[in-house]
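Student: I have a new structure open and I'd like to learn how to read it. Can you walk me through some features?

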Amino acid sequence: MTSLTVFYIGLFYVATLILIAGLAYRIYEYSRTPAPLKIPTTPAPTTNAGVAYRMAREVVLFESLFKSNKWIWVFGWLFHVGLALVLFRHVRYFQEPLWFVVEFVQPFGKYASFAMVAGLAGLWARRFLVDRVRYISTPSDHLILALLIAIGLSGMMMSFVAHTDIVNLKAFMLGLMTFDFQPLPTDTILLVHLTLVALLMIIFPISKLLHAPGIFFSPTRNQTDNPREHRHIAPWAAALDRDNG
Amino acid sequence: MAAPEFEIPKFKEHLEVPKIQEGSMAHIKSFISPQPTQEFLGYPWELGEDWKERALFKMGDLLGKYRSLRVFMDACVHCGACTDKCHYYLGSADPKNMPVARQELMRKVYRRYFTLPGKIAPWLVGAEDLTKETLADWYSYYHQCSECRRCSVYCPYGIDTAEVTMAGREILNYVGMGQKYSNEILGKVQKIGNNLGLPGPALEDTLAGLEEDIEADTGVPVKMPLDVQGAEILLVTPSADFFSEPHVESLIGYAKVFHAAGVSWTLSSHASEAGNFGLFNGNYETMRKVAMRIRDAALELGVKRIIVGECGHAWRVAYSFWNTLTGLGFDGKDPFSIELQQQLDHRYPQPMHICEYTWDLIQNNAIKLDPSANDDKVITYHDSCNVARGSRMGDEAGGQFTIPRNIIKAVANNFHDMAAETIGEGTFCCGGGGGLLTDDLIEVRVKGAYPRMNALNNVVQEEKVNFMATICAICKAQFTKVLPYYGFDRSMVGGVHQLVSAAIKLD
Ligand code: HEM
Ligand code: HEM
Ligand code: SF4
Ligand code: SF4
């Protein structure tokens with residue numbers, strides 16, 4: 001086993017640990033923090049099923065974004081749908097035998113990378129071209145876009161220009177999961193791709209990428225509009241009723 | 001109206017998003033709350049040695065108590081979708097009035113002290129130390145937000161800048177930088193019973209005078225009962241309804257509706273205010289104390305139903321929070337809420353909006369109307385932000401938009417809506433809500449009213465609209481003040497029940 005392989009084994013364990021533990025901690029924190037008041041942005045659904053449907057529209061279609069800005073919506077949606085397909089296609093490195101759906105998505109996932117990178121490029125352009133967005137952009141906003149574009153382009157290089165040894169890569173990945181370590185192919189593009197991916201995993205739980213779990217916890221979107229019918233009360237607020245009710 | 005010392009934005013057929021002008025509103029500073037006012041609310045009145053520790057402590061405290069703040073601090077991706085949604089930005093072009101930038105004033109401090117990247121590499125993620133300048137910025141820009149929630153409609157994660165503003169003001173109060181206007185009102189409502197500081201006997205006189213006026217006007221003895229034990233309905237309404245124009249016209253409208261329906265009703269001198277400025281300042285306990293007056297009055301008078309008059313933020317607090325804060329609603333399982341809930345009539349929603357009540361009567365043909373009485377008017381309707389985006393009426397989502405309009409169409413013949421993107425859930429705030437309705441913020445109020453004034457101007461030009469109805473005491477007071485800045489007559493604004501009052505037939 002080369003030191004390179006050992007390094008990447010370590011890197012991926014660390015990155016995975018940070019990603020999972022970090023996200024779990026954030027989600028625990030969000031779920032533990034009470035929402036003392038009913039604050040859905042109305043008009044809001046009056047039933048739980050309605051809320052699930054509203055949330056699904058937000059996550060799948062970016063409904064509110066569609067209402068507010070068509071350019072951001074187009075670029076953002078292209079990027080995220082592209083990303084979802086690409087990630088789905090990537091399941092093939094971690095699974096044997098493959099699900100039927102993962103096989104089915106292979107050709108789409110490959111070309112979805114164009115949508116993904118084009119969307120990212122559009123979002124990035126807005127950070128320079130629109131004065132209001134330029135004003136609110138921080139260095140990390142630019143760097144995250146750069147990181148995702150670099151991951152996308154390095155991946156596309158492998159898909160469309162200089163193929164890597166997918167069979168051995170898959171053996172390496174499966175080996176990570178079963179603690180049966182295998183050597184990693186050594187072409188530079190792959191190593192770049194993997195390093196950047198590990199970086200993405202590490203920053204995920206400490207950056208704005210927390211919007212992904214965050215949206216599900218947003219009280220303005222996940223609460224039902226039924227305050228007259230049901231008494232909603234947080235534990236720390238209920239204590240007030242007992243003390244000076 | 002004295003000549004303004006600032007520029008008033010010009011009308012456009014289509015609202016334009018201005019180019020940013022950094023610092024254009026940085027000079028705004030609402031009057032600071034003095035010692036007695038702060039003391040009464042349990043806050044300091046100047047920065048102490050330990051102001052920084054106190055501010056960070058309070059921030060941590062709020063982050064632990066409010067999921068909204070907790071999630072909103074992390075989730076924003078700086079996408080920019082909200083940047084052109086705030087009426088204060090559209091009217092002033094100051095980039096710190098963009099919702100995301102307003103949040104960022106707090107987020108940069110949050111990042112610096114509560115997140116890992118902000119602690120190790122502040123320059124990378126836009127984190128900044130908390131300084132006295134930061135506090136000054138907070139004070140200025142958290143009093144240029146009317147907490148109208150328009151931004152939360154358009155943010156892909158529903159980030160509600162109002163929640164951030166409320167938290168910001170609570171932290172400011174906690175270090176000794178309260179706002180005079182809101183905090184004085186919070187004192188008056190708790191000491192005297194209403195925001196205007198109108199004592200019980202004065203209220204009694206006012207109501208007696210109004211009864212005389214109505215009788216002189218219509219020949220019908222319509223009553224305005226006060227503190228009647230055992231009345232069926234308790235009406236809780238903003239105190240401005242008792243003596244401000246045009247508010248009082250709506251109060252007369254409610255009284256006529258109750259008279260025509262033949263129900264027993266009463267006002268309460270203890271709860272002579274529906275408004276609850278506790279909402280604006282992010283202090284749950286204060287908001288609860290102010291709301292408890294209504295619970296106490298309801299228990300004391302033994303009423304069966306509680307109806308709320310025309311007031312936007314009051315209706316948000318009543319509809320969305322009263323059940324939580326005071327048990328005024330249904331389905332409470334604890335002794336505290338059961339005590340009140342067993343007294344209330346379960347056949348009706350509790351609390352109920354006066355528009356829900358009137359609309360029910362209209363649908364059941366229980367009151368007679370003559371819409372031609374309003375034929376001198378061409379009417380449009382301004383959705384008040386707290387009603388539109390923080391509450392509901394009726395059984396269906398969106399009833400808060402249809403019910404008031406249905407009433408207007410039943411009591412008048414000429415109605416035209418303003419442009420679709422400026423009403424309903426996308427309604428533009430009047431510019432004076434959320435604790436900004438004070439003369440020391442007149443520049444903010446006039447500039448913030450611009451998007452609404454522009455939409456109004458378009459229907460004035462195209463449809464000859466000459467009356468804008470609304471159901472909010474703050475909107476009415478704000479428009480009465482700012483309409484003249486835009487060349488309109490101040491009497492163009494009035495309540496929905498003002499129209500009902502003109503059309504209802506009494507016998
Ligand atoms: C539940 C899943 C997710 C939802 C609902 C979601 C939704 C959104 C929305 C609505 C936006 C704003 C519009 C835009 O700029 O595209 C956004 C931005 C962004 N998302 Fe996601 N997202 C999700 C997952 C992810 C994941 C897994 C990643 C990264 C690996 C990601 C990366 C980004 C980035 C970098 C931006 C900012 C783009 C910019 O700088 O303008 N998102 N997301
Ligand atoms: C451990 C995780 C990952 C591994 C082992 C991996 C590996 C690969 C490989 C081997 C390819 C080339 C596929 C081919 O030759 O057909 C590829 C392509 C690609 N990768 Fe990754 N990748 C990983 C994570 C990611 C992530 C997180 C993203 C996005 C944020 C990403 C984005 C892409 C894109 C856009 C392509 C090109 C399109 C495609 O073939 O699907 N990869 N990746
Ligand atoms: S809540 Fe209203 S006033 Fe405040 S930032 Fe959002 S849009 Fe502007
Ligand atoms: S719309 Fe929401 S996520 Fe986008 S910049 Fe505004 S607050 Fe942030």
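This is a predicted model: local features need pLDDT of at least 70, side-chain atom pairs count only at pLDDT 80 or more; totals for chains, interfaces and linings use all residues.

Student: Where do B:Arg392 and A:Asp225 lie in their chains?

Tutor: B:Arg392 is in the loop between α19 (385-390) and α20 (399-411) of chain B, while A:Asp225 is in the loop between α11 (219-222) and α12 (235-244) of chain A, so this pair joins two chains.

Student: Are B:Arg392 and A:Asp225 buried or exposed?

Tutor: B:Arg392 is buried, and A:Asp225 is buried too.

Student: How many salt bridges turn up over all chains?

Tutor: The whole structure has 38. Another one pairs the side chains of B:Lys58 and B:Glu170, at 3.8 Å from N to O. That pair links distant parts of the chain: B:Lys58 belongs to helix α2 (residues 51-65) of chain B and B:Glu170 to helix α10 of chain B, 112 residues apart. Both B:Lys58 and B:Glu170 are buried.

Student: What about B:Arg169 and B:Glu147?

Tutor: Their side chains meet in a salt bridge as well, 3.4 Å from N to O. Again, distant parts of the chain are linked: B:Arg169 is in helix α10 of chain B, and B:Glu147, 22 residues away, is in the loop between α8 (132-141) and α9 of chain B. B:Arg169 and B:Glu147 are both buried.

Student: Which residues are linked in a network of salt bridges?

Tutor: A:Arg26, A:Glu29, B:Arg70 and B:Asp74 are linked that way.

Student: Now the ligands. How do I read the surroundings of one?

Tutor: Ask which residues are nearby, which chains they come from, and what class they belong to. Take ligand 1: it has 23 residues around it, and A:Gly76, A:His80, A:Arg127, A:His211 and B:Tyr157 come nearest. Residues from chains A and B surround ligand 1, so the site is shared between chains.

Student: Which atoms come together there?

Tutor: On the chain A side, an N or O atom in the side chain of A:Arg127 is 2.7 Å from an oxygen atom of ligand 1. From chain B, an N or O atom in the side chain of B:Tyr157 is 3.3 Å from a nitrogen atom of ligand 1. By class, the shell has 18 nonpolar, 3 polar and 2 charged residues, and its largest share, 5 residues, is from α4(A).

Student: How many residues surround ligand 2?

Tutor: 27, and the closest are A:Arg89, A:His90, A:Tyr93, A:Ser159 and A:His193. The side chain of A:Ser159 has an N or O atom 2.4 Å from an oxygen atom of ligand 2, and a polar side-chain atom of A:His193 is 2.9 Å from a nitrogen atom of the ligand. Here α7(A) gives the largest share of the shell, 7 residues.

Conventions
Residues are numbered from 1 along each chain as its sequence is written. Chains are lettered from A and ligands numbered from 1 in the order in which they are written. Side-chain values use heavy atoms; hydrogens and water are left out. A salt bridge is a side-chain nitrogen of Lys or Arg within 4 Å of a carboxyl oxygen of Asp or Glu. Helices (H or I, at least four residues) and strands (E, at least two) are DSSP runs, numbered from the N terminus. Buried means under 20% relative accessible area, exposed over 50%, partly exposed in between (1.4 Å probe, protein chains only). A residue is near a molecule or strand if one of its heavy atoms lies within 4 Å of it. A polar contact is a pair of N or O atoms within 3.5 Å; within protein, one must be able to donate a hydrogen and the other to accept it, and residues adjacent in sequence count only if both atoms are side-chain atoms. Ala, Val, Leu, Ile, Met, Phe, Trp, Tyr, Cys and Pro count as nonpolar, Asp, Glu, Lys and Arg as charged, and the others, Gly among them, as polar.
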